[in-house]
Structures are given as structure tokens and as C-alpha cells.
Amino acid sequence: MSFKLENRRPTVIAGPCSAENIEQVFATARELQSNENLKYFRAGLWKPRTRPNSFEGVGAEGIVWLSEVQKELGMSVMTEVANAEHAELALKHSIDAVWIGARTTVSPFSVQNIADALKGTSMPVMVKNPMHADLGLWLGAIERFAASTSGEVAALHRGFSNFTQHKYRNAPMWELPIGLKSELPDVSLFCDPSHICGNTELLSLVSQKAMDLGMDGLMLETHTKPHEALSDASQQITPEDLQKLIAGLEIRSSLKDSTSDRDLSALRIKMDSIDEQLMELLSGRMEIAKLMGEFKKEEGLTVLHLERWREILRTRMKWSNELGLSEEFILRVLEQVHKESIKVQTDVMNQDS
Ligand code: PEP
Ligand code: MN
């Protein structure tokens, strides 16, 4: 079975972040059933939570609910498997396809264990990118599954952990899925805007960007009562809103090959992504300037320290030289950035405490 719908784009995978109880699973599946773009109903059973003591999923009990959805509603169902035991349960219950979570893709040991459990089967596997921006790990996991199952192996872009960026829960870094597509042009590529955004406001924008890049489909977390969800409540939408989101997408077929590096729109999206990161970094720098302003104010220090400015110039010119950037250009950038930092610090100094 192919991950992609034949004559429709995007192919959609939707359903709750987590299966919570049989009623919630069926209520969501029923509302999604009439969605013409829907290929798979998703629900997480074993939830890889960052901190302990949060909802960790219903576990093996929920796999029965998924097979009931499959039998009673005739829908294809999909869940995340994080170890060999999960994979064996998915096979035993004839789950239609599985995905590999971002926390699993980082570990070649875990990936290989799951691949071994699927060896000789035809289970389709969708591989999420690893937590951090490492294209090799993502490609490696895809290769391990391609060597184990005869089912389709596809890629799922869910963004990357990032300490400096706050706009997204996980920075999209579009240059990575573009890189994956140029390495593996025949592998279907899906996007998971829910985990990139971490909120519902940016979902349409990110979904549109994925379409503009020629991606095949979208995985979107969907819940009948998003605010009551036991996991990822802030990023889930109702089946009705999902329908609206899909209807609002502009699908341009002429950009079919836009994930190739030579295409202008792919280069533009890469450039946008880098500029977005630049803005986030500059904003982070100004936040630090503010903290420095507060410190200097408390300690009775002056804003401008010539010695420090000279050191900034010296080190940055050296770094930029090593990167092949023109001295004249970097000097102009540094002067402007420094000027703004001084302004930010002076504003803090002048504030009434
Ligand atoms: C999920 O799809 O619910 C999930 C846990 O995603 P990720 O592995 O991308 O964090
Ligand atoms: Mn989730």
C-alpha cells in the first residue's frame, strides 16, 4: 500500500496525538471519515514524553481500539512504534502502517532493533526526522527500514529541537527536507506541521510551505476537543478545522520538482529559513543586551566599553574571515548590531527602576 493518495494532494494523516479512550478514538475517527484527503487515521499509544509524570499513553490496550476503527469504519490506521515489542504488536494486530518518532530516529540501535522486528514483512514505515538537524541519521534510518520491510518507506519532516528559536516548537529548517529529497528523490516526503508549530496559529502557513516545496502530504494532530487532550493540547485542531485548513491550501502542480536544489523556489525557501534563523538569533542577542543593561545599571557601570568593542571587532572579523565573508560587509553589519545593542542598553539604563 502506498502512503500517497493517487489523484489528490496533500495526502493527509490525521488523528489525535494520543489515543485516550475508545470513545475519543471513535469520535475523532468518525469525524475524519468523510475527509477526502485522509489516507490514514493516526493515534499514539506509547508516548515518548520529555519529562516523567506526564501522560505516557494507554499502551497496548489502545491497539485494539485502532483495529476496531479499521474494521468498523474501514479506515487505514497508523501508530508510532518505539521498540521491537511495539512493532511486533503492530504486526500482530494488522496495523496498516507505523511511524518512527523523532526520539527513536536519533538512535541507530533502536532503529535497527525495530527494523529487525519488521524484517521480511511488508509493513509500510514513515520515518520522522531525528530531534536534531542531522541529515545522515535521517537517511540512515530510512536505509535500515528499506532493507528490512518490502513495504513503502517514507520520510516525515517534524522540525528540529532548537535552543535559540522560539517561534516554532521545533525549527522547520526547510533546508533539511530539501536535502533529503535531493538525496532520495523517489522517497515520499510528508510534513508534520503540528510538531513543528506547537500551536494552531502557524499550522496553515507551515502546511502551505510544505505544499510549495512539493511535499506529498501532511500529518496533522486532530482531536474532537483539543483543549481537553491529554498530550499536545495546544497544537491539535478539530476535524472541522482540519477540513478548512486543507481547503485553504493553494496547490501548485508546476512546482512538482521544487525540492530539487536547482529550483529557484527551493532556493528561496532555504533562504527564507536561514533569514528566519538570523532574525531569531538577532532577537536573542538583543535580549542579552537588555540583561547586560540591567546588570550595568545595578553595578553603576557605563554602557560603552571601548576595550570590549575592540575585542568584538577582532574576534568577529577573524571568524568571518575564516568563513570567507568580506571584511567590509561584516564591519558594516557589526557596527549596526553594536549600535542597536547600545541603544537597547541605554533604554534599560534610562528606565525608572
Ligand atoms: C507524535 O507524533 O505524537 C510524536 C510524539 O512526535 P515526534 O516524534 O515528532 O515528537
Ligand atoms: Mn504529539
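These legends go with a handful of close-ups of a predicted model.

**View 1. The shell around ligand 1.** In this view, 13 residues surround the ligand. The closest of them are R42, K47, R103, K128 and R158. Sort the shell by residue type and you get seven charged residues, four nonpolar and two polar. As for where ligand 1 ends up, it sits in the second largest pocket.

View 2. Zooming in on the oxygen atoms of ligand 1, one of them comes within 2.6 Å of a side-chain N or O atom of R158. For R103, the corresponding distance from a ligand oxygen to a side-chain N or O atom is 2.8 Å. On its own, ligand 1 has 300 Å² of accessible area, and the protein covers 97% of that.

**View 3. The manganese ion (ligand 2) and its protein donors.** Four residues supply the donor atoms here: C17 through SG, H195 through NE2, E221 through OE and D232 through OD. Their distances from the manganese run from 2.1 to 2.4 Å. Along the sequence, the donor residues follow the spacing C-x177-H-x25-E-x10-D. Take H195 and D232: they are 37 residues apart, and the pair links distant parts of the chain. H195 belongs to helix α8 (residues 193-197), while D232 is in the loop between β8 (217-221) and α10 (239-247).

**View 4. A cis peptide bond at P10.** The bond joining R9 and P10 is cis, with omega at about -5°. Look for P10 in the segment before β1 (11-15).

**View 5. The backbone at S94.** S94 isn't a glycine, yet its phi is positive, near 50°. The residue is found in the loop between α3 (84-92) and β4 (97-100).

Conventions: Residues numbered from 1 in each chain as written. Chains lettered and ligands numbered in written order. Predicted model: local features only at pLDDT ≥ 70, side-chain atom pairs only at ≥ 80, totals over all residues. Heavy atoms only, no water. Near = heavy atom within 4 Å. Polar contact = N/O pair within 3.5 Å; in protein donor to acceptor, adjacent residues only side chain to side chain. Areas by Shrake-Rupley, 256 points an atom, 1.4 Å probe, with all protein chains shown as cover. 1 Å grid on protein atoms, 1.4 Å probe; cavity = no way out; pocket = protein on both sides within 12 Å on 5 of 7 lines; lining within 4 Å. Sits in = over half its atoms within 2 Å of the grid points. Nonpolar A, V, L, I, M, F, W, Y, C, P; charged D, E, K, R; others polar. Donors = N, O, S within 2.8 Å, 3.2 Å for Na, K, Ca; no water. Helix = DSSP H or I, 4+ residues; strand = E, 2+ residues; numbered from the N terminus.
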